[in-house]
Amino acid sequence: MHSNALKVLRERGFVEWSSHDKELEDHFLNNMVTGYVGFDPTADSLHVGNLVAIMGLAWLQHLGHKPIAIAGGGTGRIGDPSGKSAERNLLGEDTIEHNVSCIAKQLEHFLDFNCGENSAQIVNNNDWLKEQNFIEFLRDTGKFFTVSFLVNREYVRSRVLDPDKSITYTELSYILLQAFDFNHLYNEYGCTLQMGGNDQQVNIIAGMDLTRKKSGGQCYGITFPLLLNSQGKKFGKSESGAVYLSAERTSVYKFYQFWINVDDSDLEKLYKRFTFRELDDIAALLAKHNEAPHLRMAQKELAWEMTCRVHGEEAAKRVRDASAVLFGETDIKDATQDVLDTLAAEIPCAAANLAETPGVTDLLVLCGSCDSKGNAKKKIKEGGAYLNGQKITEPGRQVTQEDLLAGGYIQLNVGKKDFRLVKFD
């Protein structure tokens with residue numbers, strides 16, 4: 001007997017809608033179900049907003065079933081119009097292939113590709129879509145779709161009826177291609193389940209119907225709810241934009257800080273979806289957190305776990321230690337050069353020469369903490385300027401070799417939040 005994955009996915013908050021509920025429950029209980037999610041290669045990295053879909057697949061595998069991830073190298077040449085008010089920019093073939101390769105590597109951090117019968121697979125739908133002959137596609141697939149079915153889709157109708165918008169035949173054909181994918185996976189891999197965001201419900205139903213009509217197969221669908229934060233905004237955005245899984249797009253430090261900064265009210269749903277912790281363990285963790293929420297214990301554990309999964313334990317330790325230094329949880333004098341190098345990439349850092357016997361007044365101006373030497377002297381006299389965490393008491397104080405931290409750094413700050421580094425050559 002296999003696990004009742006539908007029940008668990010519901011408990012963890014993954015299910016907004018599902019088709020054939022009773023039949024799908026029985027299907028999970030009596031079979032090792034193969035299910036898939038498609039990922040659109042419009043960028044060279046997935047982002048935190050994709051984690052619900054990624055972890056939906058990971059949970060499917062965790063429960064003993066088989067996940068397939070489609071990197072949409074074929075459909076990505078068109079772009080899914082679902083939920084879009086304007087046509088996407090069409091990407092070149094080389095760009096899409098590069099993006100597909102990057103996405104495949106990121107998925108390897110979440111899915112096990114070598115665990116026996118339910119090992120995960122990544123497939124590229126360009127492998128089969130590029131073989132399609134246009135006339136044969138219209139005859140063998142297009143005949144199963146009516147124009148009224150396509151036009152009645154909300155995202156289609158809204159753009160057809162708005163004189164300032166339009167929808168191309170290329171975009172209109174996307175639903176046929178995604179349905180073709182489902183039918184192909186059913187025939188080639190025994191895939192009977194497609195999962196996706198709420199905006200994919202019609203596309204999923206179209207694939208189920210095509211597989212039933214064309215191949216005589218019974219397939220199923222699940223859609224994930226849109227994950228919103230406590231402010232009602234799409235989860236996965238920061239002040240600077242989307243939080244990506246790629247360190248080139250979002251630094252490991254910023255990725256870690258994103259999780260540190262999540263609201264207490266979001267913690268339960270994030271732990272349920274993005275970790276494999278048991279529900280009782282999550283409840284116990286949150287109860288302990290609520291005893292002293294200002295310590296952000298649950299956020300720190302979540303940040304550590306997510307950063308380890310996406311970027312590895314070594315990188316996670318470095319940014320965790322950097323965060324602890326920046327927020328005064330550990331003494332900066334104990335920081336390694338790796339930690340200070342990490343901080344130097346995230347906060348203002350100036351360069352100076354120790355041979356020029358620099359004074360702290362000049363350095364406070366150099367690093368941007370003060371706008372003038374006069375202002376710097378004033379801050380020092382008021383007791384608001386610090387060198388390596390120690391209050392500066394003399395405006396004429398010079399920086400010496402003994403002040404240098406690992407890697408030749410010193411830390412300067414005015415007040416408790418304006419942290420700057422100076423690196424000496």
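Select Thr-192 to begin, which sits in the loop between α10 (174–189) and β5 (193–197); helices (H or I, at least four residues) and strands (E, at least two) are DSSP runs, numbered from the N terminus. The model is a predicted one, in which local features need pLDDT of at least 70 and side-chain atom pairs count only at pLDDT 80 or more, while totals for chains, interfaces and linings use all residues. Residues are numbered from 1 along each chain as its sequence is written, and side-chain values use heavy atoms, with hydrogens and water left out.

Thr-192 counts as buried because its relative accessibility is 9%, where buried means under 20% relative accessible area, exposed over 50%, and partly exposed in between (1.4 Å probe, protein chains only). Now display the residues around Thr-192: leaving aside neighbours within four places in sequence, its contacts (heavy atoms within 4.5 Å) include His-27, Val-33, Phe-182, Tyr-186 and Tyr-220.

Next, select Phe-134, which is found in helix α6 and counts as exposed, because its relative accessibility is 52%.

Finally, colour strand β13 (residues 418–424), which is mostly covered, with five of its seven residues buried. Strand β9 (residues 349–352) pairs with β13 in the parallel sense over four bridges, pairing being assigned if DSSP finds at least two bridges between two strands, and here Cys-349 stands opposite Leu-421 of β13. Strand β12 (residues 409–414) pairs with β13 in the antiparallel sense over six bridges, and the bridge partner of Tyr-409 in β13 is Lys-423. In the hairpin of β12 and β13, which has three residues between the strands, look for Gly-415, which takes a positive phi near 80°.
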